[in-house]
Every structure is written in C-alpha cells, then in structure tokens.
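Please look over the sequence and the structure shown below before reading on.

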Amino acid sequence: MDSIVSTEYPEFLVREKKVQVHSLPELRNVKGKVVMRMAPSPSGPLHIGHSRMAILNDEYVKRYGGDLILRIEDTNPSNIDPIAYEQIPEDLKWLEVNVTKTVIQSDRMGLYYNEAKTLLANGYAYICTCTSDQFKTGLMHSVACPHRNSAPETNLDQFQGILDGKFKPGEAVLIIKTDLAHPNPALRDWIAFRISEVPHPRHGRDFRFYPMMNFSVAVDDRLLGLTHVIRGKDHINNTEKQKYIFKYNKWKLPEYYHYGLVDFPNVILKTSIIKKGISNRTYSGWDDIRLGTLLAFRKRGFSPGTFRRYWVESGMREVDSEFSLEIFYSMNKELIDMNTRRLFFIPDPVRIHISDAPPTKVSVPYHPTNSSLGTRKYSLPKDPEVFVPGGDWKATEDGHILRLKDMCNLEKKGELGIFRGASLMDRKMKIIQWSPADGLDFTVYKPDGTSDTGKIEPFAKDFRGVAQLERYGYVNVTSSHVGYFTHK
RNA sequence: GCUCCGAUGGUGUAGUCCGGCCAAGCAUUUCGGCCUUUCGAGCCGACGACCCGGGUCCGAAUCCCGGUCGGAGCACCA
C-alpha cells in the first residue's frame, strides 16, 4: 500500500517533519530511585561551566526520582571563599536545580578519620614522611618508599601523632597503596591526606590533617549511597584512584559517567582571575557582566531554562566541545521573546524638529504579536521635537522619507523632519525607533566592557526586567537609566 | 616520556554499542524568498560534514589495523 501511494500518488505523501527531541540517554543499572550528587569546591560562586554538572544530575533525578545531594567539598582550607557556602545553593536554586540534601565535607572529618584508620589497620594505606620530591621520584620509577612497608601499628601511631601536631605541613602524608607497577603513573600510590595549618573558615584550627578530594569523595560516595556519578572527563583518573578505596572495603561501585571537556572561548571563568580582578577593581564583583558566572548571566537577564536546554542538548558524550554562545543566545531568545516587551532606545540620539505636524496621539504595541502585553500611548503636541538614532538620521539624504515607527512619515530636510502623513505608505521604507523629547538618559552596559548611551522612551521609567530595545537588542533594564545587554 | 580518551558541515549535536531504512537528521550561523509598521518569530529555499590510509564484507560514519590531529591525567588542587 505504501509503495503504491508513493509511486502512483506521491502528492498524497505527507512528509512528517521530524521533530528532534533532545533527551539524555538512559542510565545503566537504574533500580528504582537514584542518588546523585553535585560536588563543587567552595572557591566562589558557580559559573556556567558548573551549570552542566548541576543540570545533568538534576535531569536524571527528575527522571527517575530520588535524591540530589549538594556536597560542598571544602577540605582544602586554602581554597575556600566563605561566600560560596551561601551563594552556591542560591545559584542552584536560580537554575531550578532541585537539591534534596546538602552536606558539607568539613563537617564530616570524623568519618574520614575512621575510614583512614581502617585502611591503615588493614595495610591498605601508610604514613609517609618522605619529601614530596622523593615520593614522586619513587612513583615514577615504581620504587617503594621506606615507609610503604611499615607495620599497621606504626602507621596508626603516626596517624595519631599527626593529629596531635607532631608533624609540620609537608612532613607527613597518608598514602593509599595501589600498584607501584601500574602502567599509568597517574594511578600509582596516591596521597589521601595532608597536613594544613591554614585556618578553616568553618572550623578554625580544629583540624590539621585534611583528606584530599579523592579520599573524601570515595568515602562520601559510599556513605551517602550514590548510585550514579556524573562528572567531567578530567576525573577519569580520579575515578580509577577512588575505586581502590571501594575495592579495599568491598563496597559496591556506583555507575560512573564522564562527559567531555567544554572549552569556553572568550568567557572568563577562572576563579583566581576573577578574584584578582575584583580585588584590584577591574571587575565590579562576581556579577560583573563581563564574567561567566551565573550571577553575571542572571544580571544580564538570562532565563535559567536556557542553561537546561543547552546542556541537555549537549548530552553526555565524552567528546570535548566548544561552548557556543551563539547557540546559547539563540535558545534564550526563543525562550523569552514571546513575553518580552518592546521599548524604544535611541543610541547616539539627535534631537529633531517635526514641522507641519498636527497634534498626535499614538498607541504603540509592546509586542508585535502578543497583544496581551498591551500598548503604551503618547500624546505629542503640534510640531513636536523627538529623538531619533543619530546613525540612521545621518545616513538619510535630504528629501528622502523615513518612518517613525507607529507614528508618522518624515521627509528629511537638514535638522527638520517634514510631516508626510501618519499612515504607513510603503512598508519597504526605513522604519526607525524614536522617543518623545522627555525621553530619559539611559546607558546600556555590554559584556565586552563597552557601553552605549542614549535616550529611552519615558514609559521605561517604571519598567524593570528584560525588554527588546527595538533595532538594538535585548537588555535587562534594572533602573530608569541603566540596563545590561543580554544579547542581540 | 608514560597512561587514558576522543575525531560527523563554521558552531552544537543525532546516528557508532547490535553494519543495510544514512547518497547522513536536527539546531545555530550565513544567503535568498514570503509575511510582519523594529528585530525576532513563522513559513519556503540554498550553501555546508562522516580526520587520513588500508582491511573485512554483497554492503562501513558504524567493525579491525596503522597513521594524523586534538584533549585529559601523571599536585601535599578540586
């Protein structure tokens, strides 16, 4: 039947448009609910790179049900910015990520010490007092250091000695034994604890022996009952290291996934650079719109849904990729456009006189198709003065006609616009935005660090939020005289 | 140097596990056309890709081998 239709009556074949539904692949071994986690280090607020891990984990917990744990990994006191404890949960909330449980690793030190003692007692770990160089050189040559074969009792004594302050930073570490002959040098015996005397923002000097990320992650992944772990490809070797802890304790492994690395061209993400810039006043703060922080995108008026769409579409493949601001902007536009009001902003304004014009009442729709957004109305006197974009005005030759949108046609004559009727004569003519003479001074700050100044129409006085400034771009209007550029 | 990943248009992806419906889909960008009192959207159309070389096979984007290129790790960071 199908073939008859297609050969004899091809015109009856309705070719259905394939709708691409981007959805993430199913996870392996899902038995009922899942337990997943996000584990940012509290070095500062979240940036767009973090949003991928947050969204992916959130998507799966939403799909299967279960818990999404926010685990703040603050076991390196040198790398903590206290504002992160507050800001990370807030950033996630803004992203509409549903965190069901929050744990802070520095509050769990006792658990890590217990696990460390168990491993020492069972001969799976040792305390090493070599210098860093000696230790590393040994690994590269697959040679055991003298401490690797210490008796468990000796190790446990030294462990206690470290807690008691008998060693200075750098004088002793706790090492997990793996396989010195492992072909991958990255996986040979690894450091699980080191001494730090830097005061911890939450605990001051209560602790001096801190677990390294690989140790606390492995212990917590088990203790918190993680079923699936999704994180960046840069953790592939770390996963292998962590598996040793699971193996020694005969713990069941979660399912691991590693997505590819994303390069963010022209986006400033590095915490160290941002902090430096804030302290030397290059940047106004974490929400400076030149930055790639979620706070900055928020200030520019982005919809959190855009992050979700972008990362779901990117999937979980291990391929590295380049972040496309172009596509990101396009997705945001698609999400917000239908409910975004139009306003007139006149960059580089020139004040012109209109002659021969009767008093006029104009009604300008806030949206070309979504009439529920309403209109704004202006009453203009006879022969009014208005602002128009300088660029457009200068580019128009004397004698030519252009149209002030939703108002009237003007024939240019020097600094004068001669009224040439109110009705649209020819929609091919150039149509520009305008503002009554009482337009407000307005500045738009842009992510490239530049800004545009001009006049915004009086109705913007009480408007807040993202508007499409016609023929200019989307802007988050935050006051009657300032806005932040979202995108074109 | 060692270990491990990966390679589809300008960009982001689908397909690769289990070879054929893929002379490769979608999105974005660019360029046309229609429509609209901005832009965008919408609709129509155009340009544009399976890293290279072998092999297996009736048949390879998909499997195998060898290259090339790119990335990650080899921290008392996460």
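## A pair of helices

In this predicted model, the axes of helix H7 (residues 213–223) and helix H8 (residues 236–249) come within 9 Å and cross at roughly 55°, where helices are DSSP runs (H or I) of at least four residues and strands are DSSP runs (E) of at least two, both numbered from the N terminus. Axes are lines fitted to C-alpha atoms, for helices over the stretch in contact, with angles from 0 to 180 degrees between N-to-C directions.

On the H7 side, the contact (heavy atoms within 4.5 Å) is made by Met 213, Asn 214, Phe 215, Val 217, Ala 218, Asp 221 and Arg 222, and on the H8 side by Asn 238, Lys 241, Gln 242, Ile 245 and Phe 246.

## Two loop residues

Asp 348 sits in the loop between strand E13 (345–347) and strand E14 (349–355), and its phi is near 45°, a positive value in a residue other than glycine. Asp 356, found in the loop between E14 and strand E15 (360–365), has a positive phi near 65° and is likewise not glycine.

With 44% relative accessibility, Asp 348 counts as partly exposed, while Asp 356, at 55% relative accessible area, is exposed; buried means under 20%, exposed over 50%, and partly exposed in between (1.4 Å probe, protein chains only).

## Basis of the values

Residues are numbered from 1 along each chain as its sequence is written, and chains are lettered from A and ligands numbered from 1 in the order in which they are written. Local features need pLDDT of at least 70, side-chain atom pairs count only at pLDDT 80 or more, and totals for chains, interfaces and linings use all residues, while side-chain values use heavy atoms, with hydrogens and water left out.
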